[in-house]
Amino acid sequence: MVDTPAITNSEARVHERMRIRKERVRGSLIDLVVTLGTIVIALVVGFIVTLAVGKQPIAAYTALLTGPLSQVNRLGNWLQDATTLILIGLSVSIAFQARQFNLGAEGSLLVGAMTAAVVALYVPLPPILGIIVPLLAAMAAGFLVALIPGWMKAYLNANEIVSTLMINAIIANLYQYLLINFLTPEGDNVRRSALLPATSAFPLLADIFNANLGRANLAIVVVLIVVIAVWILMRHTSFGYEIRMIGANEKFAQYGGINTKRVVMLAFAIGGAVAAIGGVHLAMGVHNRLILGISAGLGFEGIVVAMLARNNPLLVPITGLFYSYLRIGGDIMERTASVGAEIVQVIQAVIILLITAQFVIEYVRTRRNRRAAEAKL
Amino acid sequence: MRDIIKIYPNGVRANREVHFGIRSGEIHALVGENGAGKSTLMKILYGVERPSSGSIFLRGKSVHINSEHEAIALGIGMVFQNFMLVPSFTIAQNVVLGSEPMRGMLLDQRAAVKITNNLARQYGLVVDPTAIVDSVPVGMRQRVEILKALYRGADILILDEPTAVLTPQETRELFAAIRQLVNAGKTIIFISHKLREVMEISDRVSVMRDGQMVGTLHTSDATESRLAKMMVGREVFLQLDKPTKERGVAMLQVRHLEYVNEAGREVVRGVSFNTYSGEILGIAGVEGNGQTELVEVLTGLRKPVAGTVSLGDHSITGLSASAVRLSGVAHIPEDRLTNGVALNASIDENLIVDRYNKPPFSRAGFVSHGAVVKHGEKMIDQYAIRAPDGTLPVGSLSGGNMQKVVVARELSANPKLLIAAQPTRGVDIGATEFMHQQLLKQRNEGVAVLLVSADLAEVMSLSDRLAVMHNGRIVAIITDVRNVSEEEVGLFMLGVKQQTQAEIEANW
């Protein structure tokens, strides 16, 4: 075969590149359509259920879909709820990218809340440091606690779903024990800690904008920083490369010389540190103290957020805001239209089912690609 | 078979208007590169796949073959590459499986043995009917497959790459059996890409390329290079240009290396050898004799239980995979789809897995996107990887190009020692040629090359010295590779012959 002349060769390349770029745009569009489709289908299913159980289904659904924007204080609730969800979503996405099904965000969140509150209560700190020191302490604690299931997975090959759920249970009980026995002030008949000092409270948006924005606070700034930090970590550092290669093909990563055990362990731990920030937000921004059941299952809601964002840190804020919108809308619906917030859980379940089904499709597709690749060899 | 067209649901056109005819009583070889459509054509004939269009005539009559059962009823049998035997059954039980001689409700064991013995004698296919399949060698299992097809009344027997798993001795036995089958009036279709064997055994040969039939010719009119040209569509250099080269220092020194696998079996047992700079040391052996584990121990993917490995003056015994790589070892792995690439990651990402944390790719923990892209472009150019740019996932490349990604990464690391495991397994002629040239180029540039291959012809043509592994041990090191016959190496591979310890040590 005669070598094709250089010019046509490069022309062919440019052409090929254009084709691929087009294909890629098409791919992202399909992804977007699929995600939006998932949401629409879930909302439709939710509506059908509402029709079946509700007395005023239209009003109920209107409350769900427009409620969070109807009053300023609801807007505040939404922002505050989304803040935690986005942090948990980011936490989950890190381990997910290494194909580790880390369910430990709930535990890390509690550890973060506890650590931040204890430091804030017992270490006298000037302003600003009053925020930064408890925050860093909480991150360190979240990191260390998540290191345990990470180590167990990496070095003992313990199933991470089981180990993280077990550790969550231990932490939840420990949290309760410490709160009731050591942190509840004498004479207080509610089981909760003392109020944190003002220097350790995130400034409220309500005070800044002089509007009734509920408990939404400046932790939003922290969220922005964390989103960018996680994005840089995953896309632009060697550690992120290691995580992504392990997720793509663990055997390949080992063969290439990546210390896969260490990386898997650290992926859990870093996720733990990020989830702990969510706990800090609850303790120092939303409640200004520790209360029983402070997490309210938020640790698990973050999984949906990460899945909807396909583990892309830059998309997590969007899916976090969306998902939180549904949660707040569900609350409003429950209060105004006597339809239970369970509807939101139905919608959530449908979303999870559809996303899981997409994972199945993707799994099948990858396997088919692999087979095709094998056939090509 | 006329005008056979097969389009798979995913749009791949595996057969495009293929004509294929065989005469009764001939040995007809079907050759072509992987993906040329040979297997698809034969699966259509055997009823496993149905053609999108086209027709099949058998003894002058048009037939529709919708299933394997119908193919068998028409007297067509096929022996696949992966044997389909029940490992825990005896050979006789396997032969009669599907239409068993019965005594009441039970299988008539004695009749089964008798049937097997009679068939075996009639066609000269020696088997032990009462042996359990699991315990007999590969060559015998293959004969069981053939007997099974014969028992079901096959007149046309399709053999799919039958020699791929055999030693030279077993291949010779198979060929004798094939000739006896033809003398008994059977017709054989012999699928292969080993041209030498095709030249030896077949009466006529058909060549396929890109789903089309390029042509059919009498084997007596064909030459290996003519067939290769028909298969690839261009001139192919089968003869390797291998200049003599003075070997350098003992770059790799392995001494008394032992490895015990997860199941507690000793798979590498006291292996010692050297690999010198500027030489290719071949390691021959039937697959599964410890070669895979040896390579993985040498590259740091497994930890040895005893023995030492040194590279130059440094011990690399038991170091991690990345430390071994850092000391100058490159590794073209055996199973390239499992270990050598991440299919969903981009070409660029695949090219840096061994150096993402070293300059210029990494600065203070950050990966320099620019350096990665530039490296990708350079590799795509230098190794002629057919891709517009490095952002493409490796999984979308052809097999040969995936191979090039692995080779590009490993060779661009400028290794002192290159370990290549089964580098051309499952790879077509064009890619094989490329791989052989690259290995020789490395050797000529003074790299120590350790070539592990089950393809005897390959190791014998490339290697300067040849070590043979059997049952976890090195049983022979041959320095005069040119003057040793494949049969003799085969005897070492089977463990029939063995050099003395002194002879081996003299050639370390």
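Leaving aside neighbours within four places in sequence, L451(B) is in contact with I280(B), L281(B), G282(B), I283(B), A420(B), L439(B), V459(B), L462(B) and S463(B), two residues being in contact if their C-beta atoms, placed from the backbone, lie within 7 Å. The model is predicted: local features need pLDDT of at least 70, side-chain atom pairs count only at pLDDT 80 or more, and totals for chains, interfaces and linings use all residues. Residues are numbered from 1 along each chain as its sequence is written, while chains are lettered from A and ligands numbered from 1 in the order in which they are written.

L451(B), together with A113(A) and V468(B), touches the most other members of the largest nonpolar core, which has 190 residues. Such a core is a set of buried Ala, Val, Leu, Ile, Met, Phe, Trp, Tyr and Cys residues joined through C-beta atoms within 7 Å; a residue is buried if 20 or more other C-beta atoms lie within 10 Å of its own. Helix α11 (residues 260–286) of chain A gives the most to this core, with 18 residues. Another core, of 62 residues, lies apart from it and includes A36(B), L45(B), I65(B) and V207(B).

Chain A comprises 14 helices and 0 strands, helices being DSSP runs of H or I with at least four residues and strands runs of E with at least two, numbered from the N terminus. Of the 377 residues in chain A, 47% are buried. Among contacts in chain A with a separation of 6 or more, 76% join residues 24 or more positions apart.

The axes of helices α2 (residues 57–70) and α3 (residues 72–97) of chain A come within 6 Å and cross at roughly 100°. Axes are lines fitted to C-alpha atoms, for helices over the stretch in contact, and angles run from 0 to 180 degrees between N-to-C directions. α2(A) is therefore roughly perpendicular to α3(A), a term that covers angles of 65 to 115 degrees. G67(A), P68(A), L69(A) and S70(A) of α2(A) meet R74(A), L75(A) and W78(A) of α3(A) in this contact.

In chain B, 6 strands form an open sheet of mixed pairing, in the order β6-β9-β10-β3-β11-β12; two strands pair if DSSP finds at least two bridges between them. β6 (76–79) and β12 (212–218) of chain B are the edge strands. Strands β9 (residues 156–160) and β10 (residues 187–192) of chain B run parallel and are joined by 5 bridges. Helix α6 (residues 168–183) of chain B lies across β3 (27–32), β9 and β10, at about 150° to β10(B).

Notes
Parallel < 35°, antiparallel > 145°, perpendicular 65-115°, else oblique. Buried ≥ 20, exposed ≤ 12 C-beta atoms within 10 Å, placed from the backbone.
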